[in-house]
Amino acid sequence: MNKLEQKIKENWPSAVEGDLDHQEFGMIHYWCGEQCNRIVLRFSFEGQSESESEKMFFIDLKQDSWVLSHISTFQIYDSKLKLVKNQSFKEQDELEQKYRSIFELFLEVHKKKKLF
């Protein structure tokens with residue numbers, strides 16, 4: 001476990017952790033939280049760039065769909081974890097396209113778990 005993941009565990013104790021087996025990216029480890037039809041998702045996998053593994057994806061759930069509302073980045077300052085909102089729409093669009101299949105797989109699994 002790297003330093004960032006240790007800080008996440010310390011500062012986000014209510015996060016749910018899990019693993020997904022993705023056909024393109026392999027085994028993905030995730031942390032998530034949910035409140036009022038908004039999911040916050042952070043994930044990492046082997047070969048992912050460090051800067052992308054620091055991203056937090058804020059997903060708004062709609063009736064039968066979802067919208068990526070924004071992306072923030074975890075950063076460590078003076079041994080404290082901070083969340084900085086991404087201001088680049090271009091980067092958000094690129095990451096949404098790149099990771100769309102991960103979001104959809106996660107939401108599919110998440111929806112099945114909530115049915116029981």
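## Exercises on salt bridges, cores and rings

The side chains of Glu 104 and Arg 100 meet in a salt bridge, with 3.5 Å from N to O. Keep in mind that this is a predicted model. Let's work through it together.

**Exercise 1.** Find where Glu 104 and Arg 100 lie, and classify each as buried, partly exposed or exposed.

*Solution.* 
- Step 1: both residues belong to helix α3, where four residues, about one turn of the helix, separate them.
- Step 2: buried means under 20% relative accessible area and exposed means over 50%.
- Step 3: Glu 104 has 38% relative accessibility, so this residue counts as partly exposed.
- Step 4: Arg 100, at 29%, is partly exposed too.

**Exercise 2.** State how many salt bridges the structure holds, then describe the one between Lys 98 and Glu 52.

*Solution.* 
- Step 1: there are six salt bridges in the structure.
- Step 2: in the bridge between Lys 98 and Glu 52, the closest N and O atoms are 2.9 Å apart.
- Step 3: this pair links distant parts of the chain, 46 residues apart, with Lys 98 in helix α3 and Glu 52 in helix α2 (residues 50-53).
- Step 4: Lys 98 is partly exposed, at 40% relative accessibility, whereas Glu 52 is buried, at 16%.

**Exercise 3.** Decide whether His 110 is buried or exposed, and list what it touches beyond its sequence neighbours.

*Solution.* 
- Step 1: His 110 is part of helix α3.
- Step 2: its relative accessibility is 16%, so His 110 counts as buried.
- Step 3: leaving aside neighbours within four places in sequence, His 110 is in contact with Glu 34 and Ile 39.
- Step 4: the side chains of His 110 and Glu 34 are joined by a polar contact of 2.9 Å.

**Exercise 4.** Identify the residues that touch the most other members of the largest nonpolar core, and the elements that supply it.

*Solution.* 
- Step 1: this core has 20 residues, and those touching the most other members are Leu 41, Phe 43, Phe 57, Ile 59, Tyr 99, Phe 103 and Phe 106.
- Step 2: two or more residues come from each of β2 (26-35), β3 (38-45), β4 (55-61), β5 (66-77) and α3 (89-114).
- Step 3: α3 contributes the most, with six residues.
- Step 4: a second, separate core has ten residues, among them Ile 8, Trp 31, Val 40 and Phe 74.
- Step 5: take Phe 57 as an example; not counting residues up to four places away in sequence, its contacts include Leu 41, Leu 68, Leu 95 and Phe 103.

**Exercise 5.** Count the aromatic pairs and classify the pair of Phe 25 and Phe 45.

*Solution.* 
- Step 1: the whole structure contains ten aromatic pairs.
- Step 2: the ring centres of Phe 25 and Phe 45 are 4.8 Å apart and the planes stand at 40 degrees, so the pair is tilted.
- Step 3: Phe 25 is in the loop between β1 (16-22) and β2, and Phe 45 is in strand β3, so the pair ties together parts 20 residues apart in sequence.
- Step 4: Phe 25 and Phe 45 are both buried.
- Step 5: one aromatic cluster is formed by Phe 25, Phe 43, Phe 45, Phe 57, Trp 66, Tyr 99 and Phe 103.

Key: Residues numbered from 1 in each chain as written. Predicted model: local features only at pLDDT ≥ 70, side-chain atom pairs only at ≥ 80, totals over all residues. Heavy atoms only, no water. Core = buried A, V, L, I, M, F, W, Y, C linked by side-chain atoms within 4.5 Å. Buried < 20%, exposed > 50% of the residue type's maximum accessible area, 1.4 Å probe, protein only. Contact = heavy atoms within 4.5 Å. Salt bridge = Lys/Arg side-chain N within 4 Å of Asp/Glu carboxyl O. Polar contact = N/O pair within 3.5 Å; in protein donor to acceptor, adjacent residues only side chain to side chain. Phe/Tyr/Trp six-rings, centres within 6.5 Å; stacked < 30°, edge-to-face > 60°.
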